Every structure is written in structure tokens, then in C-alpha cells.
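Dear colleague,

I am handing over the structure below, with the sequence alongside it, and after it I set out what was found. Please read the text with the coordinates open.

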Number of protein chains: 2
Amino acid sequence: MYQIIIYMFSKACEYGIKASIFIALNSYRNVRVSLKAIAKEINSPEAFTAKILQDLVRHHVISSTKGAYGGFEIEKELISSVKLSHIVNAIDGDSIYSGCGLGLHTCDESHPCPVHHKFKSIREELKSMLENTNLEELALNIKSGASFLKM
Amino acid sequence: MYQIIIYMFSKACEYGIKASIFIALNSYRNVRVSLKAIAKEINSPEAFTAKILQDLVRHHVISSTKGAYGGFEIEKELISSVKLSHIVNAIDGDSIYSGCGLGLHTCDESHPCPVHHKFKSIREELKSMLENTNLEELALNIKSGASFLKM
DNA sequence: TTAAAATAGGATAAAATTATCCGAATTAAA
DNA sequence: TTTAATTCGGATAATTTTATCCTATTTTAA
């Protein structure tokens, strides 16, 4: 069973976010990274990570080049415009903000579930965090040693 | 794949919370409710709901009486002391607040994952919401028609 | 042109979560 | 004492999520 904070993101999203940060980091140095290097760096299963990267490519969050010396990258100028919400939407679909905390089919201001209002500010804060956090700042924090991708 | 807000709680937790509210509501009127009545009211699969209720009984969140005219109830005086966090802990385990948003094994102030600080206030708000919201207020809102268990 | 290094994608398997079924045990009323 | 209404608990199934495998395709360098 899930644990709220622990599984705030699905595994797929976790890997997708970490991979994107690592790709961004290397793209600043004009280095394309391979699936193998990514999986090793973020400590994720290679084949599963491949699927997620394919999703991100399809949604134009990252780009890929096939063949020898190929790999994944993000256009440098675009890194700061890639938001966490884009990554999550690409992987988990885009109905992130519409759902009900208790799974009601209809849950809104006029027909709220028991925790609707309790969750309101949390939901809004999460939404704005995801929409305002971009890959650039996350990558810079890794580079400076302020945060980590592993352990 | 999960969707952050939609699956903030597992299905098991969703059912557990809704069931607890319904039980509380009836316990105020000294009425014991059966599994069947609960599942019908909260729109959940009966057998699965039974497992969850068993968990809640084992953790003393609710109490049960076997046999004819049996069912589930919560001692009236205790309703206001049952917090959402108790229900969630009983069902999903009690490591709710310790996990990392990106699944790192060690993630804390001195070794944070890339989103650790971004999540900090959200995590804290969620924690305090769960620990401070009790069954009484949720039940009263249902009774007054301010919120709903179904649809 | 060939070989090696990559991504892409389909098929399948494993694990976790959600859901169902059924018999045992318990209780109260008839 | 029997019967009906219940919860309890074990076994199993279905579904979803996570993970693996294998082949095809693409690309570059030798």
C-alpha cells in the first residue's frame, strides 16, 4: 500500500524527474547521455527507464538521437522552461489537478468530499510548485552540491 | 500510472476514511452498521472493504461486534480523538512522513533530493492536516450536508 | 561496407494493489 | 437449540504498476 509522502510521485515519475535533471546537467556541457549512463546515475532499472524516456521524448520534454554516439539531451535554451509539471504530465497524464482526494466522481466546491476543503491549500501549493519549478534550478542545485540524485 | 492529487491516498485509505466517517455518523445515534451498509453507502467493494475494516479494528480505530445485529462502531466519546493520520497509519503503515518525494533512501536536510525543499512546506502542511483533522468534524459536515460521501 | 553503439518498441514477466470467494466462528433472536 | 445475520481470515483472482527481454532500426566510425 502506498504511503502518502513516499509515493507522492509514481516510480515512473521519480525516474523521469531524476533522469531529466541529469540530462539537463549534461546538456549544459553539450554532452549527450546514454540510457545506460542515466540509469546508473539515478539508480533505476534500465529497461523501465527506457520506456519513461521514450514518453518524455514523445512529449518533447527531452530529445533523443539514435545510433552510436547517440543518447538524450535537452536544448540548452529550453532547460529553464521545462517545468516539473511537464514531466509529470508527460508520464502520468494531465488530469493531475482535477481529481478528488477520496476518489469521488464529482467533487467540487458545490459537492465536496469530506476532505475537499482540507486539501484545498495543499493541492494548490502542490500545483503551483510543480508549475513553477524548472529543470534549470534543480540542475544547478545538483551541480553546486546542494542536492543529490542518489542514495 | 498514478496521478498525484487523484491518488493522494490509496484506494484502501479512501475506503477506510469514508467508512470511518459513516461509522462515526451512526455511532452518534448508537447505531451499529454492517459491512454491507457501509459498502453500499460509500460505494466500495464489499469484500475489500471488509479487509480494511479488519485493519482498522486491529488498530483500535473502530470496534466490531460479530454475529447477528453485529457490525462496526466507534465509541462516541472517542470520535473526536480519531485523527485522519490514525486511519492512514492503520491502513498504509506509519512511515508516512519519513519518505523522500523522489524515492531516495537517505533524504534529509543534509543530503536532500532535488525536490526536498520544494516539498517541505507541502509535506508539513499535509502532516499537520492529517494529524489535526478528526472524525467528528468530518462527520458533522456530512450530517449538515456540507460535504458528501458519494458520487 | 561492416561492425559496434545506441534508441525504439513489442511482448512478456514480476510485484504490488485491488478485488472476490468461501468456509469458520460468533452472536442474538425465534 | 436451531437458524439467520454477521465479522474474521485464508486462498485466490484481476488489475495496475513496475521491470525485463529481445529484435528492429538508426547512426557513426573504422
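Val88(A) sits in helix H4 of chain A, and in this predicted model Val88(A) counts as buried because 22 other C-beta atoms lie within 10 Å, where the threshold for that class is 20 or more. Although 79 residues separate Val88(A) from Phe9(A) along the chain, their C-alpha atoms are 8.4 Å apart. The C-alpha atoms of Lys127(A) and Phe22(A), 105 residues apart along the chain, are separated by 23 Å.

As for chain A as a whole, it has six helices and two strands, and from the N terminus on the order of these elements is α-α-α-β-β-α-α-α. Taken along the principal axes, the C-alpha atoms of chain A fill a box of roughly 55 × 30 × 30 Å. Of the 151 residues in chain A, 42% are buried, and among the contacts in chain A with a separation of 6 or more, 65% are between residues 24 or more positions apart.

Next, the relation between the two protein chains. Chain A is superposed on chain B, with an RMSD of 0.1 Å, by a rotation of 180 degrees with 0.0 Å of shift along its axis, which means that the relation is that of a two-fold axis. In chain A, the C-alpha nearest this axis belongs to Ile122(A), at 3.1 Å from it.

How many residues of chain A are in contact with chain B? There are 49 residues of chain A in contact with 49 residues of chain B. On the side of chain A that touches chain B, the elements that give two or more residues are H1, helix H4 (84–92), helix H5 (116–132) and helix H6 (135–143) of chain A, and H5(A) gives the most, with eight residues. By class, the residues on that side of chain A divide into 27 nonpolar, 15 polar and seven charged. The copies meet through the same surface, because 100% of the interface residues of chain A are also interface residues in chain B.

Within chain B, one helix pair deserves a look. The axes of H1(B) and helix H6 (residues 135–143) of chain B come within 9 Å and cross at roughly 75 degrees, so H1(B) is roughly perpendicular to H6(B). On the H1(B) side the residues are Ser20(B), Ile21(B), Ala24(B) and Leu25(B), and they meet Leu135(B), Leu138(B), Ala139(B), Ile142(B) and Lys143(B) in H6(B). The contact of H1(B) with H6(B) has seven nonpolar, one polar and one charged residues.

Turning to the DNA, 27 residues surround DNA strand D, and the closest of them are Lys11(A), Pro45(A), Ala47(A), Gly67(A) and Leu35(B). Helix H1 (11–27) and helix H3 (46–58) of chain A, and likewise helix H3 (46–58) and strand S2 (71–73) of chain B, each supply at least two residues of the surface near DNA strand D. H3(B) gives the most to that surface, with four residues, and the residues of the surface near DNA strand D comprise 14 nonpolar, nine polar and four charged.

DNA strand C is also surrounded by 27 residues, with Leu35(A), Lys11(B), Pro45(B), Ala47(B) and Gly67(B) the closest. Two or more residues of the surface near DNA strand C come from each of H3 and strand S2 (71–73) of chain A and helix H1 (11–27) and H3 of chain B. Here H3(A) gives the most, with four residues, and the division by class near DNA strand C is 14 nonpolar, nine polar and four charged.

Finally, two backbone details may be worth checking by eye. Most residues other than glycine have a negative phi. Asn30(A), however, has a positive phi of about 60 degrees although it is not a glycine; Asn30(A) is in the loop between H1 and helix H2 (35–42) of chain A, and with 8 C-beta neighbours inside 10 Å it counts as exposed. Tyr69(B), likewise not a glycine, has a positive phi of about 65 degrees; Tyr69(B) is in the loop between strand S1 (63–65) and S2 of chain B, and it is exposed, with 7 other C-beta atoms within 10 Å.

With best wishes

Note on methods: Residues numbered from 1 in each chain as written. Chains lettered and ligands numbered in written order. Predicted model: local features only at pLDDT ≥ 70, side-chain atom pairs only at ≥ 80, totals over all residues. Near = placed C-beta within 6 Å. Nonpolar A, V, L, I, M, F, W, Y, C, P; charged D, E, K, R; others polar. Least-squares fit on C-alpha atoms with pLDDT ≥ 70 in both. Contact = placed C-beta atoms within 7 Å. Axes fitted to C-alpha atoms, helices over the stretch in contact; angles between N-to-C directions. Parallel < 35°, antiparallel > 145°, perpendicular 65-115°, else oblique. Buried ≥ 20, exposed ≤ 12 C-beta atoms within 10 Å, placed from the backbone.
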